[in-house]
Amino acid sequence: MTSIRETATAAFIEAYGDEPTGLWAAPGRVNLIGEHTDYNDGFVLPFALPQRTVAAVGPAPDGRWSVCSTLAPDPVTFGVTEPGEVTGWGAYVAGVVWALRDAGFEVPPVRIALASDVPLGSGLSSSAALESSVLTALIDLGGLDVPLERRPAIAQRAENVYVGAPTGILDQSASIRCLQGRALFLDCRSYRIEQIPFDLAAEGLAILVINSNAPHQHVDGEYGERRKSCEAAAAALGVPALRDVSTAELDDALRRLDDDVLRRRARHIITENQRVLDTVSLLRSGRVREIGPLLTASHASMRDDFEITVAQVDVAVQSALEAGAYGARMTGGGFGGCVLALIDADRAEATATAVAVAYEERGFTAPTSWVAVAGPGATAL
Ligand code: ADP
Ligand code: MG
């Protein structure tokens, strides 16, 4: 089978006629727990997928930037731009060049060809994989002094300001900072990170990722709505962000909110932050199986309080649990996307089959499932 790096190299040669001088890769991610908490200054716990985006890169003699992808083989070429000038998928790359320049760095002009095995638009963060592979290549080739801890925010600005997608810091942090065999515990206020041991195979366990393959609907509008509700709830409670409300203060906080929707949105964020902390504590002490109920509780909270699930992901969670999973939840922003299930390592096929059968019974498009092992973050190859 042709590897992604070979595909990226071939795409470079096809588009530009010479060999790339280097290859960089950055992964997609799944978030183990902590959904929609990132833009509430809260906690998240992603790990990097083995699936990644590879950027094959070579210098650009004309002083401009060119990028093509196996998904869009005709190169997009641009000079120094401002947000809005490059649109479509090329905006993710122009955005990274812009954000680096805006942070004061001299960005080397390059030609780029991208290839990826991260599924697009499935909540596994193909956008951050793209940004992070390009960002890392530009930093290395330009010899730029950009410490690791600054990089996620630069990639996030590319997506927020240039592409115009109001996402939090989770995806870019995961793609850039994750380590093999670890989950990344990230405080989205201080950006403090802790690498949490996450070697499931040693425990006879596995994470099964189930892509619901459900069509994403109204994602951007709903995402913006949820952000607004969280900000409104924080303002009503007189705190900078919902992160500042602990579960001990939950009942009191809910009493002070007079809108039922705001109450439920706030309850999801406040309890979800605590579930991340509890998951981290269990993982730190090696009690991996016990995180199952937290995963399932997170799903119920997303389904009932935050209202970001759809029938396909609810059915996947339910069938995985019925097939013996220790816990299961939707992962990613919602309205489709993927589910993860914590299972005994020898139950992967049986669990995947149980979900596929449930989908068939309901006439849903067939799901795609695989076992995800925590891989490395962005790197030169
Ligand atoms: P997700 O990040 O969950 O996969 P997004 O909507 O945030 O979904 O990002 C998907 C978008 O990112 C695509 O529509 C496309 O514009 C861009 N993209 C990601 N990977 C690639 C790629 N390999 N080639 C071209 N565009 C890509
Ligand atoms: Mg994305």
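**A tour of ligand 1 and its surroundings**

Start at Ser-125: a backbone N or O atom of this residue lies 3.5 Å from an oxygen atom of ligand 1, a polar contact being a pair of N or O atoms within 3.5 Å. Taken alone, ligand 1 exposes 560 Å², of which the protein buries 77% (Shrake-Rupley areas, 1.4 Å probe).

Before moving on, note that this is a predicted model, where local features need pLDDT of at least 70 and side-chain atom pairs count only at pLDDT 80 or more, while totals for chains, interfaces and linings use all residues. Residues are numbered from 1 along each chain as its sequence is written, chains are lettered from A and ligands numbered from 1 in written order, and side-chain values use heavy atoms, without hydrogens and water.

Next, select Gly-121, where a backbone N or O atom lies 2.8 Å from an oxygen atom of ligand 1. Then pick Ser-127: here a polar side-chain atom lies 3.0 Å from an oxygen atom of the ligand.

Now show the whole shell. Ligand 1 is surrounded by 16 residues, with Ser-69 and Ser-126 also among the closest (a heavy atom within 4 Å). Colour the shell by class to find 7 nonpolar, 8 polar and 1 charged residues; Gly counts as polar here. Select residues 126-142 as well: this is helix α3, which gives the most to the shell, with 3 residues (helices are DSSP runs of H or I, at least four residues).

Finally, zoom out. The C-alpha trace spans about 60 × 50 × 40 Å along its principal axes.

Terms used:
A polar contact is a pair of N or O atoms within 3.5 Å; within protein, one must be able to donate a hydrogen and the other to accept it, and residues adjacent in sequence count only if both atoms are side-chain atoms. Helices (H or I, at least four residues) and strands (E, at least two) are DSSP runs, numbered from the N terminus.
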